[in-house]
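Have a go at each task before you read the solution.

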Amino acid sequence: MYKGGKIFIFLFSLLGVFWLTPKALAEMPRNDFVDVASWNGNLSVSDFQNLKAQGVKGAAVKLSEGIFYLNPYSKVQTENARAAGMQVSAYHYAHYKNETEARNEADYFAREAKALGFGKNDLLISDLEEYNIPNKTVNTILFLDQLKKDGFTNLMVYTSGGWIDGKTIDVNAIGKNNIWAASYPYYPDNKQWYSEYAAWQWTSTKQFKNVYGNFDCSIDYTGKFTQNEQSNNSDTSQGSNDSNKNDYVLTEEKAIFTTNTAVNVRSKPSTVSDVVATYDPEESVYYDSYTVNDGYVWIHYISYSGSDRFMAVREQNKEAWGTFTDVYQHGGSYVVKSGDTLGTIAAYLGTSVSYLYNHNGISNPNLIYAGQTIYY
């Protein structure tokens, strides 16, 4: 999203066009949605209509940055994209370095979003790409938490594929279904990278006929950026096998499950339900209940965002894909000192923020205090 070095990238991409074969050009990733900022200028309704005619269904508009900048074109970009029938989401370029800054930036973003007519169910995004942001996961969760307090419920995080792959951010704490990944392959043809996440931004130099300039383009894997496109009257449901009604019964059981293989987390206790996260081998999750459904035993927990989460731990009458520990049996403990954060404690112990707050039943990763015992 950040537009530094655009001239070099643009010239390089022009050369690259001549190296790609017609077959490769025909197999480029989809342009489900674009994101636009001040450098795109006053895009007209006709511009967005031309984008839409070429397959673009949504637009993510930059509204703000830090607590010092508002996109001067955000109003016209938002209104014209809506007039063209696109689904419009909004993003904020983050600079926050602590809880106070995270909450202040969220309030700043929320005020502008409300002024431009974004409602509680519209998609709002934290653009997380500043290297000097400490405790990136914790501070971003605090930013999202403040947006919820400001009345917004549909939230997303944009970040680089490198930070995802290098575990700079804790994807389980945020949820893969809430992450928009950016990574630009040298040859993007016939690729669908980061398909387990909500969306993948695959280029920053896409050009469209009859529309001036370059655009950042992304594939929308989940429909979060495009499903409310006004001209799209198709059924966006997940199908009859993933019913919205709860046809399962939860039995209370508080314990910790540690995986011995990669295990998916789903939005419902069904193998056809959405995969929203994945726990790697040796990762642990604190759960509060279980159910038997669809031929599997599922444990249940509540995510930080307040959503129900289910993990299949074994097939019925077969061995589990990990081990269970009573919630009161711990491998060790750490006493919180003044100045500690859950992020610094996780780094010290060699574990993740998500494990610690699930393991200890912490609802807000920033609400810890000196003298508190953290179990791991």
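**Exercise 1: a pair of phenylalanines**

Phenylalanine 109 is buried, with a relative accessible area of 0% (buried is under 20%, exposed over 50%, partly exposed in between, using a 1.4 Å probe and protein chains only). Before going further, note that this is a predicted model: local features need pLDDT of at least 70, side-chain atom pairs count only at pLDDT 80 or more, and totals for chains, interfaces and linings use all residues. Residues are numbered from 1 along each chain as its sequence is written, and side-chain values use heavy atoms, with hydrogens and water left out.

*Task.* Work out how the rings of phenylalanine 109 and phenylalanine 143 are arranged.

*Solution.* 
1. Start with the rule: rings of Phe, Tyr and Trp (its six-membered ring) pair if their centres lie within 6.5 Å; planes under 30 degrees apart are stacked, over 60 edge-to-face, and the rest tilted.
2. That rule gives 15 aromatic pairs.
3. For phenylalanine 109 and phenylalanine 143, the centres are 6.3 Å apart and the planes sit at 15 degrees, so this pair is stacked.
4. Now place them: phenylalanine 109 is in helix α5 (residues 99-115) and phenylalanine 143 in helix α6 (residues 136-149), so the pair ties together parts 34 residues apart in sequence. Helices here are DSSP runs (H or I, at least four residues), strands likewise (E, at least two), numbered from the N terminus.
5. Phenylalanine 143 also counts as buried, at 0% relative accessibility.

**Exercise 2: a tyrosine and a tryptophan**

*Task.* Classify the pair formed by tyrosine 131 and tryptophan 163.

*Solution.* 
1. Their ring centres are 5.3 Å apart with planes at 90 degrees, so the pair is edge-to-face.
2. Tyrosine 131 lies in the loop between β5 (123-127) and α6, and tryptophan 163 in helix α7 (residues 161-165), so parts 32 residues apart in sequence are tied together.
3. Check the accessibility: tyrosine 131 is exposed at 70%, whereas tryptophan 163 is buried at 7%.

**Exercise 3: charges over rings**

*Task.* Which ring does the charged end of lysine 136 sit over?

*Solution.* 
1. The test is NZ of Lys or CZ of Arg within 6 Å of the ring centre and within 35 degrees of the ring normal.
2. Lysine 136 sits over the ring of tryptophan 163, with its charged end 4.9 Å from the centre.
3. Elsewhere, lysine 206 lies over the face of phenylalanine 208, 5.4 Å from the ring centre.
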